[in-house]
Amino acid sequence: MEQLRRPRRLRQDNLRNLVKETEFSLDNLVFPLFVIDGKNIKKEIKSLPGHYHFSVDCINDEIASLNYLGLNSVILFGISHKKDAFGQEAYNDNGIIQRAIREIKKEFSELIVITDICLCEYTNHGHCGIIDDSGYVKNDETLNYLGKIALSHARAGADILAPSDMMDGRIGYIRKVLDDEGFINIPIMAYSAKYASNFYGPFREAAESAPFKGNRKSYQMDYRNGREAVVEGELDFAQGADILMVKPALAYLDIIKRYSNNFNIPIAAYSVSGEYVMLKMAVDSGVMDKGVILETITAIKRAGANIIITYFAKEIAKMLKGIDN
Ligand code: PBG
C-alpha cells in the first residue's frame, strides 16, 4: 500500500534519539529542601516519603549527596517554631533560612540557593500575610514584611529569591527594596501563577503551614481561570521579575504553555508535593512503572518550562545516570 507519510519511519530504535524534541538536563532541576529548628535532626516527613526535615547542622550532608548526583540547585523552606502574627522570625538575620544559606555557602559556594519568600511558615495564623480582624490578608501592609524577608535572605547570600505569597505589587516592591540596598543583581523568580490548589496538602504538613482558619482563595488564583494567569505574568514581568513560575505543574500544563508563548524570559514550573506523592505512591505500590516520573517531568518541560522544581530530582538524576535505587 502506498503511503507518503509514515511517522513510524522515525520511531525506529536507532533514530528516536536523533529526532527527539525535548532534551532533559539535571541543570534545569531544583530540589526542595526543608530546614527545621534544632540540632542533629534528619527526620523523614510523613506526608512526603523520601524527604526529610534537616536541622542546619545536617543540611550539608544532603547537599553533598545532591552534588554527587549532579544536582546544582535547591529551594529552601524553613520550619520555625517561633511564630507570631507578623511572621517576624522570617526576617531574623539569624533565622533558620539565613543560617542555612550561610552554612551551605561555606562548603558549597557554587550551589544555587533559591529561597521562598513568604510569611506562612512564620505566622501563628498560617496565612501568607498580615491579617485583619476578619482574617482577611491585608495586601499593602504585607509588602513591607516581604521586603524585609527578601533583604534578609539577600544579605545571607541567597542566589535567587522566589516570592510565593501572591500579594499584588510584591515584585516591584521587593525589587525596589533590593536595589536600594545594592542587591541589583539578585534575580527574582516570581510565583506568578500560583493557584489555590489541593495539590499542596502534603507540603502544608511538611512545612507546618496550613492556615489555622480559612483558606488561601483570597490571594491564590482560582483554578478555573487561565487568562488571569497571563495578567499575573504581565504584572510580574512589568515589575521586574526575571523568571516567571507556574504552580502546580501537572494539572496546569496549559498555563505553562501560555507562559512560554507569551513571555520571552525563563519559565519555571513547580511540580508540587501532591504531584510527587501521587506518583510516588503509585510507583512504590507497583501499579505504575517508575518511568512515569520521567514521562511527567518531561511533559512539563515539553509544555515550555525551562526550570522545574521537583521532589523527584534525585530519582531522576539516578535514572539518568543509571544508578539503581
Ligand atoms: C508557601 C508555599 C507553599 C508551597 C510552596 N510555597 C504552600 C502553600 O501556598 O500553601 C507549596 C509547595 C508544594 O506543595 O510542594 N506559600
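Which helix and which strand each supply at least two residues of the shell around the ligand? They are β9 (189–194) and α5 (201–206). The model is predicted: local features need pLDDT of at least 70, side-chain atom pairs count only at pLDDT 80 or more, and totals for chains, interfaces and linings use all residues. Residues are numbered from 1 along each chain as its sequence is written, and side-chain values use heavy atoms, without hydrogens and water.

**Ligand shell**
- The shell holds 20 residues, where near means a heavy atom within 4 Å.
- Arg204, Arg216, Lys247, Ser273 and Tyr311 come nearest.
- By class, eleven shell residues are nonpolar, three polar and six charged.

**Polar atom pairs**
- An N or O atom in the side chain of arginine 204 is 2.5 Å from a ligand oxygen.
- For glutamine 220, a side-chain N or O atom is 2.9 Å from a ligand oxygen.
- Aspartate 116 has a side-chain N or O atom 3.5 Å from a ligand nitrogen.

**Burial**
- Taken alone, the ligand exposes 400 Å², and the protein buries 100% of that (Shrake-Rupley method, 1.4 Å probe).
- The ligand takes up the space of the largest cavity (on a 1 Å grid over the protein atoms alone, a set of points where a 1.4 Å probe fits but cannot get out).

**Overall fold**
- The protein has ten helices and twelve strands (DSSP runs: H or I of at least four residues, E of at least two).
- The C-alpha trace spans about 75 × 45 × 40 Å along its principal axes.
- The radius of gyration is 20 Å, which agrees with the value near 20 Å for a compact globule of 325 residues (over C-alpha atoms; rule: 2.2 Å times the number of residues to the power 0.38).

Terms used:
Polar contact = N/O pair within 3.5 Å; in protein donor to acceptor, adjacent residues only side chain to side chain. 1 Å grid on protein atoms, 1.4 Å probe; cavity = no way out; pocket = protein on both sides within 12 Å on 5 of 7 lines; lining within 4 Å. Sits in = over half its atoms within 2 Å of the grid points. Nonpolar A, V, L, I, M, F, W, Y, C, P; charged D, E, K, R; others polar.
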